[in-house]
Amino acid sequence: MPEIDIPSQFDVLVVGAGAAGLYTAMCLPENLRVGLITKETVSLSASDWAQGGIAAAIAPEDSPSLHIEDTLQAGAGLCDRPAVEFLAEQAPRCIQSLVNLGVAFDRHGQALALTLEAAHSRHRVLHTADTTGRAVTTTLTAQVLRRQNIQVIQQALALNLWIEPQTGRCQGISLFYQGKITWMRARAVILATGGGGQVFAQTTNPAVSTGDGVAISWRAGAILRDLEFVQFHPTSLTKPGADHFLISEAVRGEGAHLVDDTGRRFAFDYHPAGELAPRDVVSRAIFSHLQHTAVDLATAHVWLDMRPIPPEKIRHRFPNIVKVCQHWGIDVFHEPIPVAPAAHYWMGGIVTDLMNRTNIPGLYAVGETASTGVHGANRLASNSLLECIVFGAQMANIHLGDITPSSEVPILPVRGFSANVSEWQTQKTQLEILREKLPRLVWQSAGICREQSGLETAIATIESWQQDFAALPLSQFLLALSPNEPVTFDIPDVERQLRLWAETRNLLDVAYLILQSAAFRTESRGGHYRLDYPQSEPDWQVHTLVQKRQWQKSLIVKSSGSLR
């Protein structure tokens, strides 16, 4: 990319350019100078991959109250009711906003088309064929690029939050951009970096989903919540050599059957709703069924049969699924699709209020990075894109007041880092080995089913790997940097290697946080299932709170979702 000069100071920095980051940037007041940072190019995000749609109670037979009850039911007792009410009640207005911006949702005549997804009591999921996320992010990207007050900074990597030592306020970030580390000041920083699916060997998330926002905020002292709750999507394309492509839940909503090798709809053995049971139930049903029937669990799968759906409806509703399956040699009109569960969505994240504020002054979080309280222990299908839009819209109300940097920080002399080819190759190899081994360990120990001894062994391994990582010469150099200390590099392929270093660091921290949280919660609930504690326990109807390396329980969450 050509060199682009970027200012060293903005009013607001938004980190992440999926649906949450884009809509947030667009909703911020136009008199603010906004920097939108993305480590890839705009629109390469998990939002862009979202197929099923976006939920909103807009049908005559539906209501926000029904949407609220469905969300609370799916959340397994851990939703924050005020947050859920806010989400559902704001949903129709936010859908109208997207329509006004030009998102071309499917229609039946003049009316917006609505489909059914698992655990919804009404047809309330809007869609654009099976590429809803792409339709939303493409429209939002076009809007953002027109805004004069927003500067998009692409292929840039946020490394750390910059905390003002006297006040504890977030005053910016350190950024790796165009081969250098610089420090950027801002009156507010908004993290919208998405989830951390790449910490698992099997995931539907894109390569950018390395939990960056959660990791960098944790290191800065942010309070995190419910990190053990990971939603495993039941139906990810599972074929040797193929990407783990998500087969939307809407496919089952439209009538597809989940069958085993004998053609039997086995999901009804595990839940009366069969393949339309909540995602965690269907994922465990597949996992359990394969444990009893499969020879090799690493390549095992069941089948998703779309043939009960009329062919014309398949062509109209799921053209992208048809196309991707064809690419991998699967004709959905004549044969079922091999599928198995994969990590899909992280319910936990940085604790925020309804204004997206965290416990660190000046730091906000939006979207999957945040824990707003709307998802509880298990997200209701198609509430994730909705959360990005509803909470992104809240940033129109940001009040920066007279916030100015509390003191001028002297810019320190530029430091340089260099390594000879053989030294650097050794470090690079160590990082690549860590990056390859880590997701396999987390998948085996903290995947769909967990138990104490496996978690404890994995935690000890991660802690050992963190020590190995910290001992690398590049780590020792970067972890000792002072705030506002810029860096230049003289190493081969610096962009790729610094990203490998930063993402490996974040994934090690995310793995540690998920494993410790899963070991801490000695029950099963929602997206967290313990083989050694298979039941939900009333005294565990609490949030898991994490700050630095301290874990604790919240107050009991009432069934209505409010704290006692």
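# Chat about a predicted model

Modeller: In this predicted model, a polar atom of the Ser536 side chain lies 2.6 Å from the backbone oxygen of Ser524.

Colleague: Where is Ser536 found?

Modeller: Ser536 is in the loop between α15 and β21.

Colleague: What else does Ser536 touch, leaving out residues up to four places away in sequence?

Modeller: Ser536 touches Glu523, Ser524 and Arg525. The C-alpha atoms of Ser536 and Glu523 are 5.4 Å apart, though 13 residues separate the two in sequence.

Colleague: How accessible is Ser536?

Modeller: Its relative accessibility is 44%, so Ser536 counts as partly exposed.

Colleague: Now Arg521. Where does that one sit?

Modeller: Arg521 is in the loop between α15 (494-520) and β21 (542-547).

Colleague: Is Arg521 buried or exposed?

Modeller: Buried. The relative accessible area of Arg521 is 0%, and the cut-off for buried is under 20%.

Colleague: What does the Arg521 side chain reach?

Modeller: The backbone oxygen of Trp540, at 2.8 Å.

Colleague: And which residues are in contact with Arg521, its neighbours within four places in sequence aside?

Modeller: Leu78, Asp226, Glu228, Phe229, His528, Arg530, Trp540, Val542, His543 and Thr544 are in contact with Arg521.

Colleague: Where does Asp493 lie?

Modeller: Asp493 is in the loop between β20 (487-490) and α15. Asp493 is partly exposed, because its relative accessibility is 39%.

Colleague: What about phi of Lys548?

Modeller: Lys548 has a positive phi too, near 55°. Lys548 lies in the loop between β21 and β22 (550-556). At 42% relative accessibility, Lys548 is partly exposed.

Colleague: On to strands. Which strand holds Met184?

Modeller: Met184 is in strand β10, residues 180-191. With a relative accessible area of 1%, Met184 is buried.

Colleague: What is in contact with Met184, leaving aside neighbours within four places in sequence?

Modeller: Ile6, Pro7, Ser8, Phe10 and Leu13 are among the contacts of Met184. Ile153, Trp162, Gln171, Gly172, Ile173 and Leu175 are in contact with Met184 as well.

Colleague: How far apart are Met184 and Gln9?

Modeller: In sequence, 175 residues. In space, Met184 and Gln9 are 5.5 Å apart, C-alpha to C-alpha.

Colleague: And Ser174, where does that lie?

Modeller: Ser174 lies in strand β9, residues 170-177. Ser174 is buried, at a relative accessible area of 2%. Beyond its neighbours within four places in sequence, Ser174 is in contact with Leu157, Ala158, Leu159, Asn160, Ile181, Thr182 and Trp183.

Colleague: Helices next. How do α3 and α4 cross?

Modeller: The axes of α3 (residues 64-74) and α4 (residues 81-101) come within 9 Å and cross at roughly 135°. That angle makes α3 oblique to α4. The crossing is right-handed.

Colleague: Which residues make the contact?

Modeller: From α3, Pro64, His67, Ile68, Glu69, Thr71 and Leu72. From α4, Arg81, Val84, Glu85, Ala88 and Glu89.

Colleague: How do the residues of the contact of α3 with α4 divide?

Modeller: Into 5 nonpolar, 2 polar and 4 charged.

Colleague: And what is the angle between α1 and α5?

Modeller: α1 (residues 19-27) and α5 (residues 132-146) pack at about 35°, with axes 9 Å apart. α1 passes α5 in a left-handed crossing.

Colleague: Which residues meet there?

Modeller: Ala19, Leu22, Tyr23 and Met26 in α1 meet Thr137, Leu140, Thr141, Gln143 and Val144 in α5. The contact of α1 with α5 has 6 nonpolar residues, 3 polar and no charged.

Colleague: Why do residues three or four places apart point the same way?

Modeller: Because an α-helix has 3.6 residues a turn.

Colleague: Last one, α11. How many of its residues are buried?

Modeller: 11 of its 11 residues, so α11 (residues 383-393) is mostly covered. The buried residues of α11 include Asn383, Glu387, Cys388, Phe391 and Gly392.

Technical notes:
Residues numbered from 1 in each chain as written. Predicted model: local features only at pLDDT ≥ 70, side-chain atom pairs only at ≥ 80, totals over all residues. Heavy atoms only, no water. Axes fitted to C-alpha atoms, helices over the stretch in contact; angles between N-to-C directions. Helix = DSSP H or I, 4+ residues; strand = E, 2+ residues; numbered from the N terminus. Parallel < 35°, antiparallel > 145°, perpendicular 65-115°, else oblique. Left-handed = near helix turned anticlockwise from the far one by under 90°. Contact = heavy atoms within 4.5 Å. Nonpolar A, V, L, I, M, F, W, Y, C, P; charged D, E, K, R; others polar. Buried < 20%, exposed > 50% of the residue type's maximum accessible area, 1.4 Å probe, protein only. Polar contact = N/O pair within 3.5 Å; in protein donor to acceptor, adjacent residues only side chain to side chain.
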